[in-house]
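Dear colleague,

I am handing over the structure we spoke about, and below it I have set down what was found. Please read the notes with the structure open beside them.

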Amino acid sequence: MIGIINYGAGNTKSIMNALDRIEADYFISDLTKELEKADKLILPGVGHAKTAMNRLEEQGLTDFIRSWKKPLLGVCLGMQLLCEFTEEGNTRCLGIIEDRVKKFTDKEMKVPKMGWNITSPADNELMRNIKADDYFYFVHSYYLPTSEYSIAQANYGIEYTAAIQKDNFYGVQFHPEKSAKAGSQILQNFIAI
Amino acid sequence: MITKRIIPCLDIRDGRTVKGTNFKSIRDAGDPLDLAIKYEKEGADELVFLDITATERKAELLTELVAKLSKELSIPFTVGGGIHSVETAYNILQNGADKVAVNSAAVHTPALLTELAAAFGAQCIVLAIDAKFEEGEWWVFTHGGKKRTEKKLFEWAREGARLGAGEILFTSMDHDGTKNGFAIDALKQLNTELSIPIVASGGAGNASHFADVFQQAGVDAALAASIFHYGEVSIPNLKLNLKNQDINVRITE
């Protein structure tokens with residue numbers, strides 16, 4: 001059973017609908033005593049990093065997430081929150097992955113990046129059956145540079161992290177809940193981990 | 001690199017898809033949910049729903065429709081028409097829409113853009129602008145193209161981006177419904193002056209109009225309604241056509 005962490009993120013409903021479409025079992029909660037019963041967690045995320053971190057703090061969820069031992073998938077801002085720090089509002093994040101999130105600064109590129117992009121997927125269980133010509137929907141102004149934890153990369157003037165894994169923590173910068181078939185495949189892969 | 005987006009637009013009245021020409025005479029074009037699902041299957045990159053219902057049940061009907069759409073669609077969609085407050089936008093976004101489009105309300109209360117961006121993030125906020133070329137200037141119109149304002153297109157677009165809009169959806173009222181091609185020059189200027197994505201709207205009649213607007217104006221996305229609703233242009237053929245001209249588009253099976 002998947003637990004969706006409920007902290008007011010903008011894409012929560014869309015993730016629930018996407019899980020319904022692939023007939024996955026899930027529940028949504030803001031309580032650690034409920035969430036700890038889940039086999040896997042999803043940390044959604046659309047909005048401002050500072051607001052999101054404040055909400056997680058207020059709801060007593062930050063330490064709970066840091067000490068989680070089963071698979072967790074951060075989506076979009078949810079992925080960025082797993083990192084050390086983000087330039088968005090100069091916000092200290094969960095610090096699970098020791099990378100820093102930066103703002104797109106290339107003057108040639110529009111910000112926010114908004115649209116469909118291919119990725120170069122690594123051999124990783126989250127990226128199973130994902131081909132290099134599968135498109136995903138991205139909407140973001142901040143990005144995670146590539147690092148040893150990148151399991152897929154995208155290009156927007158620079159190469160950056162489209163998906164990440166460190167131990168039991170997974171994250172995707174794109175929106176699997178809005179990425180048609182390829183997006184459903186990612187969610188199914190996460191369920192199968 | 002990200003692909004150029006093809007966006008079918010559905011005008012909604014009382015829960016049905018309708019299509020007018022030059023903002024006037026309106027025809028029925030089917031059930032929005034059925035059409036939306038068909039467009040997703042055909043490879044539409046995104047959908048826009050503009051609600052022109054003018055009854056007391058407007059908000060309720062629209063919220064119901066958004067919830068239904070969000071259950072079925074696995075591509076992003078924008079909802080506009082009568083969004084005039086953070087609260088109305090919240091209802092739409094909370095029910096699963098990805099972006100809200102604001103038009104008249106932002107012209108009257110520009111600070112609304114800042115409030116919306118602060119509440120939901122600029123990436124959720126589309127500034128929709130309807131404009132018409134008169135007396136040597138592009139003038140912004142509101143209320144579905146009925147009312148000319150004091151605002152000029154380029155100034156308003158720049159101001160909107162500064163205030164918090166994450167995308168501009170520009171409809172040329174001179175081109176809308178003509179099927180003679182997009183307002184290339186105005187779109188090119190918008191695309192050059194602004195650093196947020198620009199969606200072209202009004203005038204699409206065939207595949208080469210889309211190629212022109214991407215190649216000549218450089219915009220990020222192009223929107224059309226009737227040519228898709230009545231099957232005059234099919235999305236898979238359009239995308240293959242664009243791909244053959246080396247325009248980067250998302251090809252689906």
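Val126(B) counts as buried because its relative accessibility is 2%, where buried means under 20% relative accessible area with a 1.4 Å probe and protein chains only. This is a predicted model, in which local features need pLDDT of at least 70 and side-chain atom pairs count only at pLDDT 80 or more, while totals for chains, interfaces and linings use all residues. Residues are numbered from 1 along each chain as its sequence is written, chains are lettered from A and ligands numbered from 1 in the order in which they are written, and side-chain values use heavy atoms, with hydrogens and water left out.

Val126(B) lies in strand S7 of chain B, residues 125–134, a strand being a DSSP run (E, at least two residues) numbered from the N terminus. Beyond its neighbours within four places in sequence, Val126(B) is in contact with several residues, including Thr78(B), Lys99(B) and Leu169(B), contact meaning heavy atoms within 4.5 Å.

Turning to the two chains, the contact between them takes 27 residues from chain A and 37 residues from chain B. In chain A, Lys110(A), Met114(A) and Trp116(A) lose the most area to chain B, together 29% of what that side buries; buried area is the accessible area (1.4 Å probe) that two parts lose on being put together, summed over both. Two salt bridges are counted between chain A and chain B, each a side-chain nitrogen of Lys or Arg within 4 Å of a carboxyl oxygen of Asp or Glu. A salt bridge joins the side chains of Asp98(B) and Lys178(A), at 2.9 Å from N to O.

With best wishes

Terms used. Helices (H or I, at least four residues) and strands (E, at least two) are DSSP runs, numbered from the N terminus. Buried means under 20% relative accessible area, exposed over 50%, partly exposed in between (1.4 Å probe, protein chains only).
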